[in-house]
Amino acid sequence: MGTMRISHVVLYSYFRSSCSWRVRLALELKEIEYEYKAVHLVKGGGQQNADDYKVLNPMAQVPSLTIGDKVFTQSIAIMEYLEESYPSRPLLPQDAFQRFKVREICEIIGSGIQPLQNLSVLKQFEESKQKDWASKWIVKGLIALEKVLEGTSGKYCVGDDITLADCCLVPQLYNARRFEVNVEQFPNVARVEKNLEILEPFIKAHPNRQPDCPPELAS
Ligand code: GSH
């Protein structure tokens, strides 16, 4: 009989990074304890660009996760790893087609929306153009998501169980509002968000509850 060794889990995160938030949600939902290390994306040109941080994350982005001496980057791949390694609180459905639907939603957000409105992309534009650019891609993606959710959603994105799709959706909607997109024009999207945001893991993972949230935003 051996004793199970629980490795120390560390999340490198920025309070309002949507990709960090996805992983915070998966960790909370799976009740995995972790240490939070803040990486400030703006201060001093961005701590993500520091040489010692890029050893962890060669893309110079958050999140990064370490479990013991293993290093993980890319939020959706990280969530998939957590799903495989901590299967007791599943975030993927049993049925293969439903699982596909979850991954389709993750992909719309993770490839079709977020990268186009990320900080390093926005910096390529003058400040006056940034909002129009970001909101254009967010609206395009949310139109698609609304169509998908019409077919898949129950209480949550896919049926009545929380999945990785929900971990991607909620942070993306916070970004949508930052760029002044009216989320309420997408009724299924807005309804699912309302069902999720009241749940304890979603409250705990919210940017306003993170240690690096500026006091004026903290709740
Ligand atoms: N595909 C990556 C993932 O899912 O982890 C994207 C990560 C990403 O874009 N992170 C953003 C970031 O670190 C915050 S959400 N941006 C910093 C920068 O662009 O300099």
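The centres of domain 1 and domain 2, taken over C-alpha atoms, are separated by 20 Å. The contact between the two domains takes 11 residues from domain 1 and 14 residues from domain 2. On the side of domain 1 that touches domain 2, the elements that give two or more residues are α1 and α3. Helix α1 gives the most to that side, with eight residues. The model described here is predicted. Its division places residues 9-88 in domain 1 and residues 96-203 in domain 2.

Over residues 7-90, the chain is 35% helix and 20% strand. The end C-alpha atoms of this stretch are 20 Å apart. The record places the feature "domain: GST C-terminal" at residues 95-215. Over residues 95-215, the chain is 66% helix and 0% strand. Here the end C-alpha atoms are 44 Å apart.

In soluble globular proteins, nonpolar side chains tend to be buried together. In this model, the largest nonpolar core has 51 residues. A26, I105 and A165 have the most contacts inside this core. Eight elements are listed as giving two or more residues to the core: β1 (9-13), α1 (18-29), α3 (75-85), α4 (96-113), α6 (127-152), α7 (164-178), α8 (187-197) and α9 (200-205). Helix α7 gives the most, with eight residues. The core draws at least three residues from each of domain 1 (9-88) and domain 2 (96-203). The surroundings of I105 can be followed residue by residue. Leaving aside neighbours within four places in sequence, I105 is in contact with L145, V148, C157, A165 and C168. A165, one of these partners, is also among the residues with the most contacts inside the core.

Two packed helices are described by the angle between their axes and the distance between the axes. For α1 and α7, the angle is about 145°. The axes of α1 and α7 lie 8 Å apart. Their crossing is right-handed. From α1, the contact is made by S18, W21, R22, L25 and A26. From α7, it is made by C167, C168, P171, Q172, Y174 and N175. A26 is among the residues with the most contacts inside the core, and C168 is in contact with I105.

Most residues other than glycine have a negative phi, and most peptide bonds are trans. Three places in the backbone of the model stand out against this background. A cis peptide bond joins V62 and P63, with omega about 5°. P63 is placed in the loop between α2 (51-56) and β3 (64-67). Q74 is not a glycine, yet its phi is positive, at about 80°. Q74 is found in the loop between β4 (70-73) and α3. Q74 is partly exposed because 18 other C-beta atoms lie within 10 Å. E180 also has a positive phi in a residue other than glycine, with a value near 60°. The position of E180 is in the loop between α7 and α8. E180 counts as exposed because it has 11 C-beta neighbours inside 10 Å.

V71 is found in strand β4. With 14 C-beta neighbours inside 10 Å, V71 counts as partly exposed. Not counting residues up to four places away in sequence, V71 touches L56, S64 and T66. V71 and V55 are 16 residues apart along the chain, and their C-alpha atoms are separated by 9.8 Å. The second residue, N195, lies in helix α8. N195 counts as partly exposed because it has 17 C-beta neighbours inside 10 Å. Its contacts, leaving aside neighbours within four places in sequence, are with K155 and Y156. N195 and K155 are 40 residues apart in sequence. In space, N195 and K155 are 6.6 Å apart, C-alpha to C-alpha.

Note on methods:
Residues numbered from 1 in each chain as written. Predicted model: local features only at pLDDT ≥ 70, side-chain atom pairs only at ≥ 80, totals over all residues. UniProt positions renumbered as here; feature names shortened; annotations may be inferred. Helix = DSSP H or I, 4+ residues; strand = E, 2+ residues; numbered from the N terminus. Core = buried A, V, L, I, M, F, W, Y, C linked by C-beta atoms within 7 Å. Buried ≥ 20, exposed ≤ 12 C-beta atoms within 10 Å, placed from the backbone. Domains from an automatic or database assignment. Contact = placed C-beta atoms within 7 Å. Axes fitted to C-alpha atoms, helices over the stretch in contact; angles between N-to-C directions. Left-handed = near helix turned anticlockwise from the far one by under 90°.
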